[in-house]
Amino acid sequence: MIISQRIVLRFPSALIDQPIISEVIKKFQLDFNILQAQILPQQEGLMIIVLSGEEKILRSAFAWLKKKNVKIQLLTQKIVKNETKCTHCGVCVGLCPTKALFTDSATSKVLFDPEKCIACLFCVKGCMMHAMEVKF
Amino acid sequence: MAKTIEEINDKIRSGKAVVVTAEEMVDIVRRKGEEKAARDIDVVTTGTFGPMCSSSIYLNFGHPSPRIKIGGGSCLLNGVPAYTALAAVDVALGATAVASLDPGNTSFPGEFRYGGAHVIEDLVAGKKIKLEISAYGTDCYPNKKLTTFFSLDQINEAVLFNPRNCYQNYNVAVNRSKKAIYTYMGVLKPSLGNANYCSAGMLSPLLRDPEYRTTGIGTRIFLGGGTGYVVFQGTQHNPEVPRTPEGVPVRPAGTLAVLGDLKGMSSEFLRGASFTGYGVSLCVGIGIPIPIIDEKSAFHCGIPEEKLMAPVVDYSSDYPNRNPKVLAEVSYAQLRSGSITFGGKKIPTGSLSSLPVARKIAMILADSIRKGDFLLTSPVAQIPGIGSGISLKSLETKGIEDGVA
C-alpha cells in the first residue's frame, strides 16, 4: 500500500554538505514534495517534506535516515489546537502562512487544518492563550 | 418619537420589550430605516471580549489571628506581587503584574506564562490561591509572616475595578521594519507581513453609542460574566478625535472605567493572556445595553462596518517613538474580510478581539433583558463628550534630558 507521510527532518550541521535527500529518494524510489527547507552552512538544517511510497519501503527509508543521524518527526503530530484554551480571536489567522488556521465564515470561529500546517510556529508565539501547542 | 429609559424598563418588566443584538440591528436599520427601527426596537445589546491591560482587582481577606498588617509589607498571590498600601488586609492586583520570578524579556522574547491576569482568572474559576505575606509587625498587628491558601468564597470582598476598558476604536498595528516585533498588538511579521486589529467592530459598545448619549456614570453593564457598572470615564478618555460624518471616531477615543463584584463573574469572560515578548494582559468580556430612545440612537446602532474606520499605525518605529503618524484608514468590513491592501501590498489581518465571544455576550445580555432579569439605567452623570475640550497629554521628559533629574 502506498502511503504519504509529512515529516520534519533536522540535519546536524555535519551533514549539511551531503546530498541526503537526493540519495534517499533514489535509493528507495520515493515520491517527494518539499514544503519548507532551511539549510544554511555551519547550522542545523530543517526540512518539511512529504515522502510517499510503499509503507515497508518508507519505513526502511526512515531507518536509513536515522542511521545517517537525521532526526525525524511526523508533522501531523506536531501542532495541536487546544479547544478549551482558544477564544477564537483570530490573531493566528493573520500569522499563518498556509491558511491551516482559518476563520469559518458562518460562525467566525477559528478552525485548524493540520494537513496544511508546516509547523512554522508563528501561531505558537502569537497565541495569547497558549492554545497552539507543540507536541513531540 | 422619543422613548424614556423608564418607559423601556416598563416594557422589560411586562415582558414586551423588543431586544436585538447590535449585529441584528445593523440589518434591521438597513431594511426598515432608522425611523421605523427606533419605533420597533427598544434595546440593542453590544459585546466585546479582548485584552484590556488596565484591569485589576482589590480584595479584603479578613483578619487572621494573630492579626497582620500587610500595608507597608509585601504580598504574593500565586507568586505574583500585589499592591499592599491600602490597609491591614486589603490588597490590589493589576492584570499586567508578572510573577516575581518571571525572567521577563531577559531571554527575548519572554513568554510571560503567568501574571496578575492569570491570578484573576484562577480566582474567578474557584481555584485555591497561594497567599504569602511579610509585614513589619506592630503592637496591634503583631504577625510578621503568613502563608496560606484561599479561594474566592472564603474572603470578604473581591471587586474587579478596571480603570480603562472598552476602548472606542483602536489602532491597526503593522510592522514596516525588517525584523519580527513582539508588541501588545501581538507578533508583527516584518515588511508588513500582517496587520492586527482589536475591536468588536459593529458589536463594540462605544462604537454603537459614539456620542456617549446613553452610556455614562452609573450605567449597569454585563461585566466578566456578572453585573458591573460604569463608574467614570476611563483613563486616556479622548472624545475630541476626528470623526466620520456619522459621528463615529476614526482614532482610539472614549474609554470607560468599570467595576463589579468578582464573585458573580466567570472565568469564561475573564481570561489571562500572555503576549510573547510583551507581557501579561486580561481579556475582559463587556456588554453594554443601548436603549433606543430615539431615531438618532437607532441611526448610530445601524452604521455598518463599511463605515467604521480604524487607523493603520506602524509599531516598529512610529508607535514606540510617539510619532502620531497614521499610514492609512481602513474599515472594519475590510479588516474582517481577512486582508487589507496598503502600499500596493495585500496584508493578512488578525483580530485580538474575539467576535464569537462578543456575539455570545450580546446574546446573553439580550436574553437577560428579555427575561426581565436586567433593567436599564439612566446615567447619574454624563461622561465628557464632543465639545468637552479634553486633549490627551503626553509625559514630557525635559528635566531628565537636561540632567536636572
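Tutor: Let's start with B:N78, which is found in the loop between β5 and β6 (80-81) of chain B; strands here are DSSP runs of E with at least two residues, helices are runs of H or I with at least four, and both are numbered from the N terminus. This is a predicted model, in which local features need pLDDT of at least 70, side-chain atom pairs count only at pLDDT 80 or more, and totals for chains, interfaces and linings use all residues. Residues are numbered from 1 along each chain as its sequence is written, while chains are lettered from A and ligands numbered from 1 in the order in which they are written.

B:N78 is not a glycine, yet its phi is positive, about 50°. B:N78 is also buried, as 20 other C-beta atoms lie within 10 Å. The term buried means 20 or more such atoms within 10 Å, exposed means 12 or fewer, and partly exposed is in between, with C-beta atoms placed from the backbone.

Now look at B:Q236, in the loop between β16 (226-233) and β17 (256-261) of chain B. B:Q236 is not a glycine either, and has a positive phi of about 65°. B:Q236 is partly exposed, with 16 other C-beta atoms within 10 Å.

Chain B has cis peptide bonds to look at too. One joins B:S65 to B:P66, with omega about -10°, and B:P66 sits in the loop between β4 (56-60) and β5 (74-77). Another joins B:F108 to B:P109, with omega about -5°; you will find B:P109 in the loop between β7 (90-94) and α3 (116-124).
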